[in-house]
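Visitor: Hi! Could you walk me through this one? I'm new to reading structures.
Guide: Happy to, let's look together.

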Amino acid sequence: MIEPLTNILQVSLPELLSGEQIINTNRSANILKSNLYVCPICGNIFHSTGPAMISCCGVTLPALEAEQADEEHEIKCEKIEDEFFISIQHPMTKEHYISFVAYCTGERFESVKLYPESSIEVRFFSRGHGTLYWYCNHHGLFKKRI
Ligand SMILES: [Fe+2]
């Protein structure tokens with residue numbers, strides 16, 4: 001019987017592929033350093049709280065780099081009592097739409113999936129300051145501190 005290389009080297013497969021030794025330091029547990037990944041083929045959405053090797057549909061996905069919104073992707077965020085009311089004036093066609101909106105604070109990451117033909121009106125219970133993320137399937141990830 002052939003022994004797997006990971007057994008011989010005493011490392012896990014992710015360590016073998018990345019070339020980095022993984023030591024359990026809980027270094028990836030900061031939700032404020034969240035990474036988002038979207039598969040360009042099937043639209044699958046992934047969230048990690050630290051560096052990760054994510055692949056989907058046979059493609060390795062880079063972490064998305066969130067940008068400040070341009071005019072076309074401007075977000076409107078109103079605080080009304082205990083909630084944030086989010087809206088975006090953006091196309092919602094099958095070809096070009098906002099795929100999700102997320103609200104991240106120090107302890108929670110909450111996302112709402114949106115679909116073509118729906119409106120972009122999202123409500124989050126306010127948990128204080130945090131970061132809003134929203135993703136356009138054509139123009140990528142945007143963020144705003146609230
Ligand atoms: Fe767009």
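Visitor: Which residue in β2 stands opposite V38?
Guide: That's I45. This is a predicted model, where local features need pLDDT of at least 70, side-chain atom pairs count only at pLDDT 80 or more, and totals for chains, interfaces and linings use all residues. Residues are numbered from 1 along each chain as its sequence is written.

Visitor: How many bridges join β1 and strand β2?
Guide: Four, and the pairing is antiparallel. Two strands count as paired if DSSP finds at least two bridges between them. Strands are DSSP runs of E with at least two residues, numbered from the N terminus.

Visitor: What sits between β1 and β2 in the hairpin?
Guide: Six residues, and G43 in the turn has a positive phi of about 85 degrees.

Visitor: Which residues of β1 are on the covered face?
Guide: L36 and V38 are, while N35 and Y37 lie on the uncovered face.

Visitor: New topic: F100. Buried or exposed?
Guide: F100 is buried, because 20 other C-beta atoms lie within 10 Å. The rule is 20 or more for buried, 12 or fewer for exposed and partly exposed in between, counting other C-beta atoms within 10 Å, with C-beta atoms placed from the backbone.

Visitor: Where is F100 found, by the way?
Guide: In strand β7, residues 98-104.

Visitor: And what does F100 touch?
Guide: Not counting residues up to four places away in sequence, F100 touches I45, S111, V112, K113, L114 and Y135. Contact here means that C-beta atoms, placed from the backbone, lie within 7 Å.

Visitor: Which residues touch the most other members in the largest nonpolar core?
Guide: Of its 20 residues, those are I98, V101, A102, L132, Y133, W134 and Y135. β7 gives the most to this core, with six residues. Such a core is a set of buried Ala, Val, Leu, Ile, Met, Phe, Trp, Tyr and Cys residues joined through C-beta atoms within 7 Å.

Visitor: What is L132 in contact with?
Guide: Leaving aside neighbours within four places in sequence, the contacts of L132 include I75, C77, I86 and V101.

Visitor: Last one: in what order do the strands of the open sheet come?
Guide: The three strands run β5-β6-β9, with antiparallel pairing. β5 (75-80) and β9 (121-125) are the edge strands, each pairing on one side only.

Visitor: How many bridges link β6 and β9?
Guide: Five, with β6 covering residues 83-88. E83 stands opposite F125 in β9.

Technical notes. Contact = placed C-beta atoms within 7 Å.
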